[in-house]
Amino acid sequence: MQTSGPLPLLLLVDDEPEILVALGDLLEDRYRILSTASPVDALELVRANPDIAVIVSDQRMPELTGSQFLARARNHTEAEAILLTGYADLSAVVAALNDGAISGYANKPWDAEALLAMITAAADRFALRQALAFERAAFRGLADGSGDIVTILDDRGQVVRGGPRAGAADPRDLAILAQDRSDDEDRHFVQPSGDSWTHIRRIPFAIGSSRYLLKIERDDTARRVAERRHHQSEKLEALGTLSGGIAHDFNNLLAAIIGNLELAERRIDDRDRLQRYLGAASEAAGRGSAITRRLLSFSRQRDLAAEVFSPDDTVRAIEELIVRTAAGRIRVAYDFADPTWAVRTDVGQFELAILNLAINARDAMDGSGTVRIATANIDDAAAFVPDLSGPFVRISVSDTGSGMDSAVRKRVFEPFFTTKAQGVGTGLGLPMVRAMARAAGGDVTIDSEVGRGTSIHLWLPRIEAAPVAANHPVPDQTTPLRLMLVEDDAEVRAVVAAQLEGAGHRVTVHDSAVRAVAVLEAGERFDMVLTDYAMPELSGIDVAARVKACCPDTPVLLITGFAEIGDSQIGVPVLTKPFTSEQLLVAIAQASAGRSTISDSVSG
């Protein structure tokens with residue numbers, strides 16, 4: 001067995017100096033040698049040298065016999081032990097072997113080659129035992145000190161090292177064992193106390209014909225939460241940039257709404273003008289609603305998750321926000337491929353990337369110019385970016401500003417590097433854009449020339465989009481329903497009740513969630529419960545849970561102005577404020593589709 005590092009250390013013990021000299025001459029080329037004529041002194045050497053690999057001891061010595069010395073030495077060392085003896089001492093040899101004090105013996109006079117082979121084998125066994133002890137300690141340190149759950153599984157998925165694991169074998173463990181490849185998995189758990197994530201690394205290996213799986217499970221919650229917060233802080237920074245332009249636009253919208261309503265009030269007797277004024281007010285309110293809805297959707301916290309989407313559609317969806325980055329000073333133009341191929345990445349990160357690039361483009365122009373957002377389908381990106389190959393979508397954000405020199409171009413992707421004034425930029429925008437692109441299998445390139453503007457090109461690989469299922473129109477709601485409306489805001493309550501009654505539904509209105517739930521739990525039944533989300537005492541989610549407990553066949557429609565509330569999180573359909581009568585009726589029809597109604601069984 002070949003080992004690296006210093007030569008193995010031997011301890012030679014014999015009361016005859018000539019024997020020690022002869023053994024030293026035989027072994028000194030292959031080993032480091034300690035020697036003594038006293039077994040008592042040898043015990044001290046054993047205590048002081050824990051790395052002794054092999055002890056070679058004479059049997060007959062005046063202070064202690066060799067077997068006695070080696071039995072005592074066993075309490076202080078893991079060294080292999082070989083006894084040198086004459087034929088007359090075989091009984092002592094047998095006793096020492098039985099007691100485990102020695103691993104072998106040699107007769108005096110010895111055969112040099114046989115003794116050398118015996119010592120070599122003993123030194124190899126010691127080295128192997130030390131290596132195994134190191135591996136075992138390293139595994140235990142990893143298992144106990146890393147904070148991870150580290151286990152080794154056999155080919156049936158049963159734990160052979162590490163903590164016990166309850167339940168049946170994980171099918172994914174068995175699949176990775178069969179495929180003989182490493183695997184990484186992220187698991188997300190939604191719990192009442194908050195979301196948590198676990199990252200699982202699986203590494204298969206073999207020992208002889210037996211196969212095993214090293215499984216490392218790490219709590220990834222802290223990193224995920226930090227990543228989510230960082231992503232959210234970037235969004236808030238972008239929203240801060242938008243705030244001035246948005247406030248200006250909302251003042252314009254409110255002025256249009258208030259002015260048209262005042263004109264409508266004066267012309268209450270003129271039907272045509274009244275309709276025109278009310279229509280203009282409604283249109284302005286609708287534009288305000290669209291901006292608010294997009295802001296809420298953009299600012300919401302959500303997990304990063306790759307999706308397949310069209311870049312054009314996503315850019316159009318945030319067009320209101322892009323226009324606001326210009327703050328009324330910069331023209332925004334679009335040049336989209338028709339049609340643009342689909343890509344796959346996190347939609348929120350993509351939106352943030354485009355918005356950051358638009359803000360950078362705006363800041364590069366001194367009060368006037370054009371920000372142009374374009375997409376192109378490139379059959380082989382290698383013609384433009386040597387590190388990429390195959391079909392890619394190129395999303396470009398260009399400006400007509402001051403441009404960059406070569407020194408700036410080399411540094412723009414460095415974290416915290418910025419050419420903006422102190423306190424204006426973080427220097428994280430472009431590094432985050434490139435990180436998103438590379439995570440999706442793409443990259444970012446820059447074309448820029450001083451005095452002639454800059455184009456930032458975001459390259460994302462083409463993805464074959466799955467066919468979109470046809471949207472079947474919701475059937476017209478023709479059956480009047482008996483509805484319960486729970487809403488604490490008097491104005492909203494009155495408007496929604498009027499919309500429902502105007503459609504022919506019978507509406508029972510409650511301004512208190514507690515009283516509404518009490519009515520249901522007392523036995524009164526409705527075809528559906530419509531409840532606001534943000535209310536004192538009980539939230540809309542609490543109401544939905546109580547309805548499910550007492551009236552499991554009664555559907556619930558949650559009405560909210562919060563973008564972060566979604567069907568997948570609470571298990572009930574959601575209608576986001578503000579909404580039109582048509583949107584309200586469609587939501588009711590979708591929520592009640594396939595259910596029989598109480599009205600069907602009520603006479604009259």
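Colleague: Which residues of the largest nonpolar core touch the most other members?

Modeller: In this predicted model, the largest nonpolar core holds 37 residues. Those that touch the most other members are Ile322, Phe350, Ile354, Leu458 and Leu460.

Colleague: Which element gives the most to this core?

Modeller: At least two residues of the core come from each of α11 (347–363), β14 (370–378), β15 (392–399), α13 (429–439), β16 (443–449) and β17 (453–461). The greatest contribution, 9 residues, is that of α11.

Colleague: Which residues does Phe350 touch, not counting residues up to four places away in sequence?

Modeller: Phe350 is among the core residues that touch the most other members. With residues up to four places away in sequence left out, its partners are Phe309, Pro311, Thr314, Val315, Thr345, Ile395, Met436, Leu458 and Leu460.

Colleague: Is Cys551 buried or exposed?

Modeller: The limit for a buried residue is a relative accessible area under 20%. Cys550, at 23%, therefore counts as partly exposed. The relative accessible area of Cys551 is 3%, so Cys551 is buried.

Colleague: How many disulfides does a search of the whole structure find?

Modeller: A disulfide requires a pair of cysteine sulfur atoms within 2.5 Å. The search of the whole structure gives a count of 0.

Colleague: What percentage of the contacts in the chain with a separation of 6 or more is accounted for by residues 24 or more positions apart?

Modeller: The chain contains 18 helices and 22 strands, and buried residues make up 41% of its 604 residues. Among contacts with a separation of 6 or more, the share from residues 24 or more positions apart is 63%.

Colleague: Where in the chain is confidence lowest, by helix or strand?

Modeller: The average pLDDT of the chain is 78, and 75% of the residues score at least 70. Strand β1 (residues 9–13) has the highest confidence, at 95, whereas the lowest, a mean of 48, belongs to helix α17 (residues 567–570).

Colleague: How many contacts does the stretch of residues 467–475 have in the model, beyond near neighbours in sequence?

Modeller: The pLDDT is below 50 over residues 596–604, a stretch with 12 contacts beyond near neighbours in sequence. Over residues 467–475 the pLDDT is also below 50, and the corresponding number of contacts is 4.

Terms used
Residues are numbered from 1 along each chain as its sequence is written. This is a predicted model: local features need pLDDT of at least 70, side-chain atom pairs count only at pLDDT 80 or more; totals for chains, interfaces and linings use all residues. Side-chain values use heavy atoms; hydrogens and water are left out. Buried means under 20% relative accessible area, exposed over 50%, partly exposed in between (1.4 Å probe, protein chains only). Helices (H or I, at least four residues) and strands (E, at least two) are DSSP runs, numbered from the N terminus. Contact means heavy atoms within 4.5 Å. A nonpolar core is a set of buried Ala, Val, Leu, Ile, Met, Phe, Trp, Tyr and Cys residues joined through side-chain atoms within 4.5 Å. pLDDT is the predictor's confidence in each residue, from 0 to 100.
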